[in-house]
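Biologist: Please pick one part of this model and take me through it closely. Then show me how it ties in with the rest.

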Amino acid sequence: MATDKERVLAWAAREGEFPLPDGPDAVGTAIEPECGDNLTMGFKTHREVITEIGFELTKSACPPTRASAVCTAQLAKGKAVMAAYLTVTAKAIAREMSTDGELDEGHVHCALMAELAFKRALSAYSAKKQAERGGK
């Protein structure tokens, strides 16, 4: 397991590219119980494609958590909702932030938190779409 510090810092430095969009179609939140970090991810769509995605994160969050959120947003942006569901995984995030596709034990929870917040947003989006269709 080898988290690559340079990759993590490069991803984390891009945080400003992904602010939480105004009036998102859906949001999802994950809270890390050990450190108390709170990550909220939200996105907008057009014709079932994620056109805008961003997040809000606890100010004290560590660089690997920031990097995981940025990586999640980058992996999802421009993809169809269902494709994004399959694409954004903790394993995919780990591949971007490490030399061998694995993260140090202390950073795995960061990738899992980002995946969870995003998938909760997807679940909220699905529920919203189902309600718009009259629950069918």
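Modeller: Helices (H or I, at least four residues) and strands (E, at least two) are DSSP runs, numbered from the N terminus. This is a predicted model, where local features need pLDDT of at least 70, side-chain atom pairs count only at pLDDT 80 or more, and totals for chains, interfaces and linings use all residues. Residues are numbered from 1 along each chain as its sequence is written, and side-chain values use heavy atoms, with hydrogens and water left out.

My pick is helix 2, residues 63-76. Its 14 residues should span 20 Å at 1.5 Å a residue. The end C-alpha atoms are 20 Å apart, so the two values agree.

Next, its surroundings. Buried means under 20% relative accessible area, exposed over 50%, and partly exposed in between (1.4 Å probe, protein chains only). Among the buried ones are Pro64, Arg66, Cys71, Leu75 and Ala76. Several elements cover them, judged by contact (heavy atoms within 4.5 Å). The cover includes helix 1 (5-12), helix 3, helix 4 (90-97) and helix 5 (108-132). Strand 2 (38-46) and strand 3 (49-57) take part too. Just after helix 2, Gly78 has a positive phi of about 85°.

Now look at Arg66. Its side chain meets that of Glu15 in a salt bridge, 2.8 Å from N to O. The pair joins distant parts of the chain, 51 residues apart: Arg66 sits in helix 2, and Glu15 in the loop between helix 1 and strand 1 (26-31). A salt bridge here is a side-chain nitrogen of Lys or Arg within 4 Å of a carboxyl oxygen of Asp or Glu. Arg66 is buried, at 13% relative accessible area. Glu15 is partly exposed, at 25%.

The structure holds 6 salt bridges. Another of them pairs Lys119 with Glu115, at 3.0 Å from N to O. Both are buried. They are 4 residues apart in helix 5, so about one helical turn separates them. Glu132 and Lys129 also form a salt bridge, at 3.5 Å. Those two are 3 residues apart in helix 5, about one turn of the helix. An α-helix has 3.6 residues a turn, so residues three or four places apart point the same way.

Helix 5 also holds Arg120. This residue is partly exposed, at 41% relative accessibility. Arg120 and Gly28 are 92 residues apart in sequence, yet 4.5 Å apart in space, C-alpha to C-alpha. Leaving aside neighbours within four places in sequence, Arg120 is in contact with Val27, Gly28, Thr29 and Ala30.

Last, the cysteines. A search of the whole structure finds 0 disulfides. Cys35 is in none, and its nearest cysteine sulfur, that of Cys62, is 6.5 Å away. The cut-off for a disulfide is a pair of cysteine sulfur atoms within 2.5 Å. For Cys62, the closest cysteine sulfur is in Cys110, 4.0 Å away and too far for a bond. Cys35 counts as partly exposed, at 44% relative accessibility. Cys62 is partly exposed as well, at 28%.

Key: Expected span 1.5 Å × (residues − 1).
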